[in-house]
Amino acid sequence: MMELRLPTLEQLRTVYDADLLKAFPAAELKPLRNMEELWEVDRYRPWCLFDGDEIVGECFLWLGHPGWALLDYLCVSSARRNGGLGTVLLQKLRERESGTVIFGESEAPEDAPDAAMAARRLGFYARNGLRTAGYDTEMFGVHYKTLYLFREEVDDAALMEEHRFVYQSTFSPEKYTQFVRI
């Protein structure tokens, strides 16, 4: 039986090395130390999908105001990819975080180095119930489409405000101004 639950600190460190380091470009990956620090102050929720004792996927939330969270990373272990676990992760996340507007960024195909992969990723999210917001973002020079998962439509202005809050409450004003466009 697959279960979405929080890992131990040691399990978080293991999946960071085993999955996230391999799945994400270094420029897009938050340092493990930052995840640990945010988790310690209840600003990060590193959900892991367990198949028995084995972690087969992760969906990490960067928490904003109550009821709002940024989907920081969604990853399926390399040995278990293309078997529907990404869909399972999102279904279980929807159940666990039913009162939370979960928003995130997915690379815009028109500016992506691999436009076909970026388009497939957007298709995956759309098939799994994520809606495309009415605004794009740019993070550290990368153009993204903004997506969100919630049981009803969310006003773009409210979504933008919460999106900005997550970054503004973590980054220095200089870093935010230099690297974040929402």
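Here comes a short tour, one selection at a time.

Before you click, note that this is a predicted model: local features need pLDDT of at least 70, side-chain atom pairs count only at pLDDT 80 or more, and totals for chains, interfaces and linings use all residues. Residues are numbered from 1 along each chain as its sequence is written, and side-chain values use heavy atoms, with hydrogens and water left out.

**Stop one: a loop.** Select Ser 77, in the loop that runs between strand S4 (68-76) and helix H3 (85-96). Helices (H or I, at least four residues) and strands (E, at least two) are DSSP runs, numbered from the N terminus. Is Ser 77 buried or exposed? Its relative accessible area is 9%, so it is buried (under 20%; exposed is over 50%, partly exposed in between, with a 1.4 Å probe and protein chains only). Now show its contacts (heavy atoms within 4.5 Å): leaving out residues up to four places away in sequence, Ser 77 touches Asp 19, Ile 55, Val 56, Gly 57 and Glu 58.

**Stop two: the rings.** Next, select Trp 62, Phe 140, Tyr 167, Phe 171 and Phe 179, which form one aromatic cluster. The structure holds eight aromatic pairs. Zoom in on Tyr 167 and Phe 171: their ring centres are 5.5 Å apart and their planes sit at 40°, so this pair is tilted. Rings of Phe, Tyr and Trp (its six-membered ring) pair if their centres lie within 6.5 Å; planes under 30 degrees apart are stacked, over 60 edge-to-face, and the rest tilted. Tyr 167 is buried at 5% relative accessibility, and Phe 171 is buried at 16%.

**Stop three: lysines over rings.** Then pick Lys 175, over the face of Phe 171 at 4.9 Å from the ring centre. A charge sits over a ring if NZ of Lys or CZ of Arg is within 6 Å of the ring centre and within 35 degrees of the ring normal.
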